[in-house]
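Subject: Structure handover and notes

Hi there,

Here is the structure I promised to pass on to you. Have a look at it first, and then read on for what turned up.

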Amino acid sequence: MTVQQGVVVGLDNGGTVNNGTVMTLDGRFLVDRLVEVPSRVTEGPAAAIDALAETLDTVLQVASVDRSSVRAVGLDTPGPANAHGVISSRGSTNFLHPGWRGFDVRSALEQRLGVPVVYNDANAATLYAHVRYFGVAADLRSSVAAIVGTGLGGGVIHKGQLVTGTTGMAGELGHVLLPTEGLVEPDQPVPRCNCGQYGDVESYVSLTGIRNNLLPYWLTRYPRHELHDVDPRKAARSVRGLGERGDEMALKIFEQQARALGKLFSIASNFIDPDAYFVGGGVVEAAPHFRDWYLKQVEESTTLREEQRAAAVFAVVPDLDMAGARGSAIAALAALS
């Protein structure tokens, strides 16, 4: 392998897979595609740390970089977690295994790898979207991002800086409670999140929300739909493809998700008033016609004042599923400064 003068690695830990990237100390990314490894988070912390170490080795091999060149590793995981990488004492949506409760994932990975690990929670994709979209003006702008995956991540940036809060748990957009008016159908139960709340954003806008809440309800409205006899996990993963092909029930599900994101952004507009609203993750890692339709649904569902509507932009997170790993790498590089 070619030994570089020095690199940082970004690791994006998800509920299903990890993704990694490598960046030189002068800011060049050496990987231009997704490099994914199963995350194994449902098996508990020990298995997940093994999977993160495997992701690091895999992406270094893809980039033809020796491990001795790694100066720091940036890590993001699903939250809630504090600023130091300690998972909430209640666990989190994707970390249901009891071993995750109060687990110090940053320190555990740092000990395993033997290099400094910088923790970002799910804010890494938010940071990358902001920097990539605004470029040299990033420090003058504010934004909010919702990253749709197995759960719902995201974050808030004000004047180029991530808003982390006192304990590091700010920007947990997935667990903001939403008003049900205009969102839930008259006969539809209020969705339940794995965090224990009813009616938060993640209970609508996530793969888990589709599987546990939206799909079971909408199948009752479409009794002859092809997904009735399909395993729930497989069925939930099939919904996006059906939506791309114009399936009526799938589009109803994504319309409801888009309305939920619109309500979230409406709330954000009143206490952040950002320059940009970003949507990322698997829901927009789709055919262009579907991605554009979905973003338009979100924008039309967001209630803004006339002045805000004229000033703000709605956009897809640049580089989509690579954003989390790339944002983690940027944070790791910044920590070396």
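**Around T302**

Leaving aside neighbours within four places in sequence, T302 is in contact with G262, F265, S266, R309 and F314 (contact means heavy atoms within 4.5 Å). T302 is found in the loop between helix 8 and helix 9 (306–311); helices (H or I, at least four residues) and strands (E, at least two) are DSSP runs, numbered from the N terminus. At 2% relative accessibility, T302 counts as buried, where buried means under 20% relative accessible area, exposed over 50% and partly exposed in between, with a 1.4 Å probe and protein chains only.

**How to read the model**

This is a predicted model, in which local features need pLDDT of at least 70 and side-chain atom pairs count only at pLDDT 80 or more, while totals for chains, interfaces and linings use all residues. Residues are numbered from 1 along each chain as its sequence is written, and side-chain values use heavy atoms, with hydrogens and water left out.

The mean pLDDT of the protein is 89, and 94% of its residues reach 70 or more (pLDDT is the predictor's confidence in each residue, from 0 to 100). Confidence is highest in helix 7, at a mean of 97, and lowest in strand 8, at 84. Where pLDDT is low, the predicted coordinates should not be read in detail.

Five strands form an open sheet with mixed pairing, in the order 8-7-6-9-10; two strands pair if DSSP finds at least two bridges between them. Strand 8 (161–162) and strand 10 (313–316) stand at the edges with a single partner strand each, so one side of each is left without a neighbour in the sheet.

Helix 7 (residues 248–271) touches strand 6 (143–148), strand 9 and strand 10, and its direction makes about 160 degrees with that of strand 6. Helix 8 (residues 288–301) touches strand 9 and strand 10, and its direction makes about 145 degrees with that of strand 10. For these angles, axes are lines fitted to C-alpha atoms, for helices over the stretch in contact, and the values run from 0 to 180 degrees between N-to-C directions.

On to strand 7. Strand 6 and strand 7 run antiparallel and are joined by six bridges, with V144 opposite V156 in strand 7. A hairpin links strand 6 to strand 7 through three residues. Is strand 7 largely enclosed or left open? Six of its seven residues are buried, so strand 7 is largely enclosed by the rest of the structure.

Strand 7 also runs antiparallel to strand 8, with two bridges joining them; here H158 stands opposite Q161 in strand 8.

**Two positive phi angles**

Most residues other than glycine have a negative phi, and most peptide bonds are trans. Which residue in the hairpin of strand 7 and strand 8 takes a positive phi? K159 does, near 50 degrees, in a hairpin with two residues between the strands. At 43% relative accessibility, K159 counts as partly exposed.

S64, which is not a glycine either, has a positive phi of about 55 degrees. S64 lies in the loop between helix 1 (45–63) and strand 4 (70–76), and at 36% relative accessibility S64 counts as partly exposed.

**R67**

The loop between helix 1 and strand 4 also holds R67, which counts as partly exposed at 34% relative accessibility. Beyond neighbours within four places in sequence, R67 is in contact with L56, D57, L60, R112 and L113. The C-alpha atoms of R67 and V7 are separated by 9.3 Å, with the two residues 60 apart along the chain.

**Helix 6 against helix 7**

Helix 6 (residues 232–244) and helix 7 pack at an angle of about 105 degrees, with their axes 8 Å apart. That makes helix 6 roughly perpendicular to helix 7 (under 35 degrees counts as roughly parallel, over 145 as roughly antiparallel, 65 to 115 as roughly perpendicular and the rest as oblique). The contact is made by V239, R240, L242 and G243 of helix 6 and A250, L251, I253 and F254 of helix 7.

Best wishes
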